[in-house]
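Thanks for coming. I have one structure to go through today, and I will take it residue by residue before I get to the whole chain.

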Amino acid sequence: MFKVLLLNDDFTPMDFVVVVLEKFFGLSREQSTQVMLKVHREGKGACGVYPQDVAATKVEQVSEYSRRHQHPLACVMEEDR
């Protein structure tokens, strides 16, 4: 299983991060806000844990969506231990 993480940057608006979490990870507005604040305060935040192929797809979807909206939001995956 792999954990999908969002990484903090100084340019992506917080509202955009909340939208990404709702759209791609099915989180509620409240859950999305909590994860976004964790990303903001701690430098990264977990969006969910998925099988490797699902995690890789989510990373690509978020990365493409962010690029399309001209934001540098980084989405990565790491093995869940």
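Let me start with Cys-47, which is in contact with Val-4, Leu-5, Leu-6, Leu-21 and Phe-25, leaving aside its neighbours within four places in sequence. Contact here means heavy atoms within 4.5 Å. Cys-47 sits in strand S2. Helices (H or I, at least four residues) and strands (E, at least two) are DSSP runs, numbered from the N terminus. Cys-47 has a relative accessible area of 6%, so it is buried. The cut-offs are under 20% relative accessible area for buried, over 50% for exposed, and partly exposed in between, with a 1.4 Å probe and protein chains only. From Cys-47 to Glu-60, 13 residues along the chain, the C-alpha atoms are separated by 14 Å.

Before going further, the ground rules. This is a predicted model, in which local features need pLDDT of at least 70 and side-chain atom pairs count only at pLDDT 80 or more, while totals for chains, interfaces and linings use all residues. Residues are numbered from 1 along each chain as its sequence is written, and side-chain values use heavy atoms, with hydrogens and water left out.

Now Leu-6, one of the residues Cys-47 touches. Beyond four places in sequence, Leu-6 is in contact with Val-17, Leu-21, Val-39, Gly-43, Lys-44, Gly-45, Cys-47, Val-62, Leu-73, Ala-74 and Cys-75.

Which residues touch the most other members of the largest nonpolar core? They are Val-4, Leu-6, Val-20, Leu-21, Phe-25, Val-62 and Leu-73, out of 22 residues in that core. At least two residues each come from strand S1 (2–7), helix H1 (14–25), helix H2 (29–42), strand S2 (44–50) and helix H3 (52–68). H1 gives the most, with seven residues. As background, nonpolar side chains tend to be buried together in soluble globular proteins.

Next, Lys-3, which is found in strand S1. Its relative accessible area is 23%, so Lys-3 is partly exposed. Leaving aside neighbours within four places in sequence, Lys-3 is in contact with Ala-46, Gly-48, Val-49, Val-76, Met-77, Glu-78 and Asp-80. Lys-3 and Tyr-50 are 47 residues apart in sequence, yet 6.5 Å apart in space, C-alpha to C-alpha.

Moving on to the loop between S1 and H1, we find Thr-12 there. Is Thr-12 buried or exposed? Buried, because its relative accessibility is 11%. Not counting residues up to four places away in sequence, Thr-12 touches Val-17, His-71, Pro-72 and Leu-73. Ser-63 is 51 residues from Thr-12 in sequence and 12 Å from it in space, C-alpha to C-alpha.

His-40 lies in helix H2. With 41% relative accessibility, His-40 counts as partly exposed. Outside four places in sequence, His-40 is in contact with Asn-8 and Met-14. Leu-27 is 13 residues from His-40 in sequence and 17 Å away, C-alpha to C-alpha.

One backbone point: Gln-70 has a positive phi of about 60°, although it is not a glycine. Most residues other than glycine have a negative phi. Gln-70 lies in the loop between H3 and strand S3 (74–79), and it counts as exposed because its relative accessibility is 73%.

Last, the chain as a whole. There are three helices and three strands, in the pattern β-α-α-β-α-β along the sequence. A compact globule of 81 residues would have a radius of gyration near 12 Å, and the chain has 11 Å, which agrees. That radius is taken over C-alpha atoms, and the globule rule is 2.2 Å times the number of residues to the power 0.38. Along the principal axes, the C-alpha atoms fill a box of roughly 30 × 25 × 20 Å.

Of the 81 residues, 38% count as buried. Among contacts between residues at least 6 apart in sequence, 72% join residues at least 24 apart.

That is the end of the tour, and I will take questions.

Technical notes:
Core = buried A, V, L, I, M, F, W, Y, C linked by side-chain atoms within 4.5 Å.
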